[in-house]
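Please read the points with the structure at hand.

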Amino acid sequence: MTSASPVTPPRVVVVTGVSRFLGARVAARLVADPRVERVVGLDPHEPSARLAGLLDGVEHIRADARHAVRAIGELGAEAVVHLAVNGAPDPQHGGRAAMKEQNVIGTMQLLAACQGAPRLRKLVLRSSTAAYGASFRDPAVFTEETEPRAVPRGPFARDILDIEGYVRGFRRRRPDVAATVLRFAPMISATADTTLTRYLALPFVPTVIGRDARLQFVHVDDALEILHRSVVEDHPGTFNVAGAGVLSLSQVIRRAGRISVPVLEPALSAAVSMARNVGVGQFGLDQIDLFVHGRVVDTSRLVKEFGFTPRSTAEALDDFVAGFPDGAALTADRLEAAERAVLDRIRQVRAAGAAALRAAESRAGAGQ
């Protein structure tokens with residue numbers, strides 16, 4: 001196991017995306033660290049009332065990554081933590097065009113500001129295992145060196161590939177800056193509020209017939225620990241961040257006390273679109289491909305470099321399930337009864353369809 005080199009933690013840290021769940025918590029942890037003197041949040045939006053309480057002591061600049069020059073250069077930032085990356089297009093806020101503008105163009109301009117910041121020593125980027133894509137041609141396990149077999153069809157994965165390409169260019173231009181890229185598996189915990197957790201909290205979870213994807217999760221608290229260590233220690237490089245072990249989607253749904261509703265793959269998009277009406281959020285091709293093909297990554301480099309082992313995928317999921325309100329998760333008996341009811345309904349629909357087909361064939365035969 002490799003211990004971190006002794007370093008002086010940065011005194012001034014800029015965090016993008018502090019109006020969001022992850023950004024607010026990262027900024028709060030940095031404020032609580034006495035070695036960090038100043039934390040500046042860069043975000044064009046005000047945080048929700050629920051998150052605002054976490055940001056006491058964080059200086060909030062109402063601007064996005066595209067207007068980062070003053071925050072990074074003039075404030076003498078020694079570290080930048082870039083978390084303002086959208087995971088799916090939001091039709092109510094500009095759709096795919098706005099998503100790419102923020103993710104790709106915003107990151108490009110942020111890196112330009114970083115390049116001209118003489119005091120900058122660290123850059124930490126939140127990336128995603130979505131960078132590997134998800135298809136039937138994928139290897140069983142991805143390492144950090146694995147290239148995607150094809151260009152991912154999801155917009156988030158394509159943006160991640162572009163963003164990481166810009167970071168590679170930044171590393172060449174500023175080799176004096178320790179650049180850390182963290183490819184996170186989907187985050188989950190009892191307190192996490194994400195598209196994934198809202199999807200798994202549905203009483204009836206749409207899945208694809210004939211598919212049972214292999215999945216990994218990372219607990220939010222472990223993700224926060226890795227992000228914090230990336231700022232106050234030196235860990236340059238690219239790292240997969242996930243909990244050990246693998247669960248199939250069917251196992252995830254059963255452990256969550258939910259009911260799987262298999263549909264044809266084209267119908268999954270329609271199903272999750274309808275689910276937005278009950279608060280699931282924006283579900284894109286990236287998430288659909290993940291739940292069809294799955295994705296598993298190797299984390300040995302992370303464990304060796306950081307000297308830290310995230311809790312397992314199963315433990316992270318169990319914490320998420322433990323956060324359900326009383327009675328929200330189905331008991332084993334209720335789950336079995338509900339599954340029987342769903343199967344009975346499927347059989348009834350099939351029988352009715354078969355009867356209608358036979359009747360149509362009979363009428364056609366009588367007319368000849």
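**Salt bridges**

1. The structure, which is a predicted model, holds 19 salt bridges.

2. E78 and R119 meet through their side chains in a salt bridge, with an N to O distance of 3.1 Å. The two residues are 41 apart, and the pair links distant parts of the chain: E78 is in the loop between α3 (69-74) and β4 (79-82), while R119 is in the loop between α4 (95-115) and β5 (122-128). E78 has a relative accessible area of 5% and is buried, whereas R119, at 41%, is partly exposed.

3. R301 and E145 form another salt bridge, their closest N and O atoms lying 2.2 Å apart. This pair also links distant parts of the chain, 156 residues apart, with R301 in helix α11 (residues 300-306) and E145 in the loop between β5 and α5 (155-173). R301 is partly exposed, with a relative accessible area of 31%; E145 counts as exposed at 51%, since the cut-off for exposed is over 50%.

4. A salt bridge also joins R311 to D222, where the closest N and O atoms are 2.9 Å apart. R311 lies in the loop between α11 and α12 (313-322) and D222 in helix α7 (residues 220-232), so the pair ties together parts that are 89 residues apart in sequence. Here R311 is partly exposed at 31% relative accessibility, and D222 is buried at 5%.

Note on methods:
Residues are numbered from 1 along each chain as its sequence is written. This is a predicted model: local features need pLDDT of at least 70, side-chain atom pairs count only at pLDDT 80 or more; totals for chains, interfaces and linings use all residues. Side-chain values use heavy atoms; hydrogens and water are left out. A salt bridge is a side-chain nitrogen of Lys or Arg within 4 Å of a carboxyl oxygen of Asp or Glu. Helices (H or I, at least four residues) and strands (E, at least two) are DSSP runs, numbered from the N terminus. Buried means under 20% relative accessible area, exposed over 50%, partly exposed in between (1.4 Å probe, protein chains only).
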